[in-house]
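At each stop, select what is named and then compare the view with the description.

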Amino acid sequence: MPQTNPFHSLVPRKMTDTELARSIRLNIEAELDAINLYAAHIDATDNEDAKAILRHVMDEEREHAALFWQLIARLDPEQAQHDREASEKYTLITTGAPHEAVEAVGKEGGEARTVAETNPAKHLTVGSLRR
């Protein structure tokens with residue numbers, strides 16, 4: 001397997017946060033590639049010792065990817081904003097909210113309504129019936 005030159009992204013000065021975020025995204029790509037590779041190895045063997053080691057190493061790669069993602073959120077404010085909005089959009093999408101409500105998340109003057117407001121039938125509770 002070809003190896004990435006560890007110095008290919010070095011610049012003759014310290015990187016800006018934007019440049020570092022770009023480099024960290026490449027690190028995430030490598031971590032995800034490793035996770036998929038280890039998962040394929042696990043699927044391709046019946047050797048339980050090998051599977052145990054591969055699962056352990058794969059879990060470490062998952063942790064690395066998660067840590068890198070947290071770092072990108074601090075280096076790239078636009079990415080951090082998308083992360084904040086994605087959680088709300090995910091909830092709206094998976095609960096059947098209209099497309100317009102999903103797209104309104106994060107828009108100026110168009111704050112998204114809560115999930116219950118966009119699809120009240122799916123979110124009736126004893127407390128909501130008391131209103």
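Select lysine 107 to begin, which lies in the loop between α4 (99-104) and α5; helices here are DSSP runs of H or I with at least four residues, strands are runs of E with at least two, and both are numbered from the N terminus. Lysine 107 has a relative accessible area of 45% and is therefore partly exposed, on a scale where buried means under 20%, exposed means over 50% and partly exposed lies in between, computed with a 1.4 Å probe on protein chains only.

Residues are numbered from 1 along each chain as its sequence is written, and side-chain values use heavy atoms, with hydrogens and water left out.

Now colour the chain by pLDDT, the predictor's confidence in each residue on a scale from 0 to 100. The average for the protein chain is 85, and 80% of the residues score at least 70. Where is confidence lowest, and where is it highest? The lowest mean, 46, belongs to helix α5 (residues 115-118), and the highest, 97, to helix α2 (residues 48-75). Over residues 110-121 pLDDT stays under 50, and the model has 23 contacts for this stretch beyond four places in sequence, a contact being heavy atoms within 4.5 Å. Where pLDDT is low, the predicted coordinates should not be read in detail.

Which residues does leucine 75 contact, leaving aside its neighbours within four places in sequence? They are Asp17, Leu20, Ala21 and Ile24. For aspartate 17, which is 58 residues away along the chain, the C-alpha separation from leucine 75 is 5.2 Å.

Step on to aspartate 76, in the loop between α2 and α3 (77-94). Is aspartate 76 buried or exposed? With a relative accessible area of 18%, aspartate 76 is buried. Not counting residues up to four places away in sequence, aspartate 76 touches Ala21 and Arg25, and its C-alpha atom is 6.4 Å from that of threonine 18, 58 residues apart along the chain.

Then select threonine 4, in the segment before α1 (17-43), which is exposed, with a relative accessible area of 61%. Threonine 4 and alanine 30 are 26 residues apart in sequence, and their C-alpha atoms are 9.6 Å apart in space.

The largest pocket has a volume of about 500 Å³, and of the 21 residues that line it, the closest to its centre are Thr4, Leu26, Asn27, Glu29 and Ala30. A pocket is an open set of points on a 1 Å grid over the protein atoms alone, where a 1.4 Å probe fits, with protein on both sides within 12 Å along at least five of seven lines, and lining residues have an atom within 4 Å of a point.

Finally, zoom out to the protein chain, which has six helices and zero strands. Of its 131 residues, 24% count as buried.

Conventions
Points joined across faces, edges and corners; volume = space filled by probe spheres on them.
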